[in-house]
Amino acid sequence: VMRRLRAKLESEFPGLALVYFVSPPFRPLSTDEEQKISSDICDSGVRILFVALGCPKQERWMHAHRGRFPAVMVGIGAAVDFIAGTKREAPRVLQDLGLEWLFRLGAEPRRLWRRYFYNNPRFALSFLAQLAASRATPED
């Protein structure tokens, strides 16, 4: 996937400087591996670091590494697969209706059901509770 992604980006954007690519293993990294990757990122000169580890792993990784790199970190998840052409995107009509999640759930139900039916509602409720609490507290 990484090779296909790089080839596609280089062909579509010939002036783009792609200075760092890594595809870590699907296991927790050792301390040495973690330090090596962090060092390589810093040494690469990257200014925008796209992180595609999947949700919520990429968000946790970016949170744990905030402030370590002279770069902005952006979680892009499935965009890597879409750009590389390894996964299909939802039809435009579903995207326009905000239903790409439904298309993806249908394509990968075993992987995505927990995110869409458990994690996302929990997030929405937490957000609403925090919003209500902030509005109930008078500002100084």
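Arg6 sits in helix α1, and in this predicted model the residue counts as partly exposed because its relative accessible area is 29%. The protein as a whole contains seven helices and two strands, and its elements follow one another from the N terminus in the order α-α-β-α-β-α-α-α-α.

- Beyond the residues up to four places away in sequence, Arg6 touches Leu18 and Phe21; the C-alpha atoms of Arg6 and Phe21 are separated by 8.5 Å, although the two residues are 15 residues apart along the chain.
- Phe21 is placed in the loop between α1 (2–12) and α2, and, with neighbours within four places in sequence left aside, Phe21 is in contact with Met2, Leu5 and Arg6.
- Is Phe21 buried or partly exposed? With a relative accessibility of 25%, Phe21 counts as partly exposed, because the range for that class begins where the buried class, under 20%, ends.
- Phe21 and Ile41 are 20 residues apart along the chain, and their C-alpha atoms are separated by 9.0 Å.
- Glu10 also belongs to helix α1 and counts as partly exposed, since its relative accessibility is 42%; between Glu10 and Pro56, which are 46 residues apart in sequence, the C-alpha to C-alpha distance is 28 Å.

**The largest nonpolar core**

- Nine residues form the largest nonpolar core, namely Tyr20, Ile37, Ile41, Val46, Leu49, Val51, Trp61, Met62 and Phe69, and at least two residues of this core come from each of α2 (31–44), β1 (48–51) and α3 (57–64).
- In soluble globular proteins, nonpolar side chains tend to be buried together.
- Val51, one of the core residues, is in contact with Gln58, Trp61, Met62, Val74, Gly75, Ile76 and Gly77, when residues up to four places away in sequence are not counted.
- The structure holds one aromatic pair, made by Trp61 and Phe69, whose ring centres are 5.9 Å apart and whose planes meet at 15°, so the pair is stacked; planes under 30 degrees apart are what places a pair in that class.
- Both partners of this pair are buried, Trp61 because its relative accessibility is 16% and Phe69 because its value is 9%.

**Helix α2**

- Helix α2 has 14 residues and extends 20 Å from its first C-alpha to its last, which is close to the 20 Å expected at 1.5 Å a residue.
- Which residues of α2 are buried? They are Glu34, Ile37, Ser38, Ile41 and Ser44, and, seen down the axis of α2, the buried residues fall within an arc of 135°, so they line one face of the helix.
- These buried residues of α2 pack against β1 and α3, whereas Thr31, Asp32, Gln35 and Asp43 are exposed on the other side of the helix.
- Ile37 and Ile41, which are among the buried residues of α2, are also members of the largest nonpolar core.
- Gly45 follows α2 and has a positive phi, near 85°.

**Helix α6 and its surroundings**

- In helix α6, which covers residues 100–107, the buried residues are Glu100, Phe103, Arg104 and Leu105.
- What do the buried residues of α6 pack against? They pack against three helices, α4 (79–84), α5 (92–96) and α7 (109–136).

**Overall dimensions and contacts**

- The protein has a radius of gyration of 18 Å, whereas a compact globule of 140 residues would have one near 14 Å.
- Along its principal axes, the C-alpha trace spans about 50 × 45 × 30 Å.
- Of the 140 residues in the protein, 22% are buried.
- Among the contacts in the protein with a separation of 6 or more, 42% are accounted for by residues 24 or more positions apart.

Technical notes. Residues numbered from 1 in each chain as written. Predicted model: local features only at pLDDT ≥ 70, side-chain atom pairs only at ≥ 80, totals over all residues. Heavy atoms only, no water. Core = buried A, V, L, I, M, F, W, Y, C linked by side-chain atoms within 4.5 Å. Buried < 20%, exposed > 50% of the residue type's maximum accessible area, 1.4 Å probe, protein only. Helix = DSSP H or I, 4+ residues; strand = E, 2+ residues; numbered from the N terminus. Contact = heavy atoms within 4.5 Å. Expected span 1.5 Å × (residues − 1). Arc of directions from axis to C-beta. Phe/Tyr/Trp six-rings, centres within 6.5 Å; stacked < 30°, edge-to-face > 60°. Rg over C-alpha atoms; globule rule 2.2 N^0.38 Å.
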